Amino acid sequence: MSTQNTAKPLQGRVAVVTGASSGIGEASAEKLAALGAHVVVLARRAERLADLVARIEKDGGSATAIAADVTDKAALQAVADRVAAELGGADLLFNNAGVMLPAPVEELATDQWQQQIDLNITGLMNAIGAFTPQLVEAAAERGVADLINTSSIAAQNIFPNFAVYSATKAYVSHLSRHLRVELGPKNVRVAAVEPGIVGTELQDHVTDQGALDWLEGSKETIEWLTPQDVAETIGFIAMLPPRANLQQITIMPTAQAS
């Protein structure tokens with residue numbers, strides 16, 4: 001029995017992952033499942049989620065796919081209700097759905113500003129609103145629960161033309177510090193993970209040519225992080241003893257200066 005627990009340290013835990021259809025969310029869902037958690041994968045693309053669940057199950061893990069848009073508050077609450085009814089509630093929320101659409105502010109790409117705010121801030125809050133009661137309840141019963149939010153090195157540093165994206169991530173990091181103070185006494189750990197450049201679909205959505213050129217140029221001097229690198233970090237956070245809370249984790253490509 002102890003061998004199984006060592007191999008599957010998250011056995012018995014229920015982890016909800018938003019933005020799970022690609023990139024960091026997808027890799028982290030696979031990692032958490034490999035560590036023994038039952039993973040509820042959330043995103044809009046149902047077919048991508050079905051493939052992910054099939055892969056997790058093939059590797060001996062267990063997962064549930066629920067297609068939902070995190071910007072839809074009512075849909076998120078329905079997901080939370082289903083997780084409570086079918087799985088007894090979540091004790092880990094990896095709040096990872098996000099979008100990056102850089103452009104000079106003078107271009108007045110107001111639709112892109114709104115899209116980033118809706119997903120990176122409002123979507124994040126919708127998930128927190130839907131699942132915090134479950135996290136608090138789980139922590140009271142089991143002594144620990146986790147709220148992990150994907151931020152970015154952009155929360156701390158200045159990247160020209162990434163103003164709105166960077167501001168949304170500063171919101172995520174600062175919010176996480178506050179929530180840790182509120183929820184920590186109830187045994188809910190709160191962490192903000194701030195990666196540097198990671199090779200994900202985020203870059204595929206970028207339309208601004210200057211930003212595309214900058215990203216492309218960085219590839220020549222920097223070996224970008226992979227989603228799996230960040231997923232390892234998410235797994236590590238969840239496996240810590242309940243008394244230990246990694247509040248803010250910056251994970252950078254070794255060659256990325258800032």
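Colleague: How do strands β1 and β2 pair, and over how many bridges?
Modeller: Strand β1 (residues 14-18) pairs with strand β2 (residues 38-43) in the parallel sense, over five bridges. Two strands pair if DSSP finds at least two bridges between them. Helices (H or I, at least four residues) and strands (E, at least two) are DSSP runs, numbered from the N terminus.

Colleague: And what is the bridge partner of Thr18 in β2?
Modeller: Thr18 has Leu42 as its bridge partner there. Keep in mind that this is a predicted model, so local features need pLDDT of at least 70 and side-chain atom pairs count only at pLDDT 80 or more, while totals for chains, interfaces and linings use all residues. Residues are numbered from 1 along each chain as its sequence is written, and side-chain values use heavy atoms, with hydrogens and water left out.

Colleague: OK. How many bridges join β1 to β4?
Modeller: Three, and the two strands run parallel. Ala15 has Leu92 of β4 as its bridge partner. β4 also pairs with β5 in the parallel sense, over four bridges, and there Leu93 is the bridge partner of Leu147 in β5.

Colleague: Which residues of β4 are buried, and on which side?
Modeller: Strand β4 (residues 92-95) is covered on both faces: Leu92 and Phe94 are buried on one side, Leu93 and Asn95 on the other. Buried means under 20% relative accessible area, exposed over 50%, partly exposed in between (1.4 Å probe, protein chains only).

Colleague: Zooming out, in what order do the strands form the sheet?
Modeller: The order is β3-β2-β1-β4-β5-β6-β7, seven strands in an open sheet with parallel pairing. β3 (62-67) and β7 (248-251) stand at the edges with a single partner strand each, so one side of each has no neighbour in the sheet. From one strand to the next, the twist averages 15 degrees.

Colleague: Which strands does helix α3 touch?
Modeller: Helix α3 (residues 46-58) packs on the sheet against β2 and β3, and its direction makes about 175 degrees with that of β3. α6 packs on the sheet too, touching β5 (145-150), β6 (188-195) and β7, at about 160 degrees to the direction of β6. Contact means heavy atoms within 4.5 Å. Axes are lines fitted to C-alpha atoms, for helices over the stretch in contact, and angles run from 0 to 180 degrees between N-to-C directions.

Colleague: How do the axes of α5 and α6 cross?
Modeller: Helix α5 (residues 110-142) and helix α6 (residues 163-183) cross at roughly 15 degrees, with their axes coming within 9 Å. They are therefore roughly parallel to each other. Angles under 35 degrees count as roughly parallel, over 145 as roughly antiparallel, 65 to 115 as roughly perpendicular and the rest as oblique.

Colleague: Which residues make the contact?
Modeller: Among them are Trp113, Ile117 and Leu124 of α5, and Tyr165, Val172 and Leu179 of α6.

Colleague: Last one: at what angle do α2 and α8 pack?
Modeller: About 45 degrees, for helix α2 (residues 23-34) and helix α8 (residues 227-239), whose axes are 8 Å apart. That makes α2 oblique to α8.

Colleague: Which residues meet there?
Modeller: Gly23, Ile24, Ala27, Ser28, Lys31 and Leu32 in α2 meet a set in α8 including Pro227, Val230, Glu232 and Ile234.
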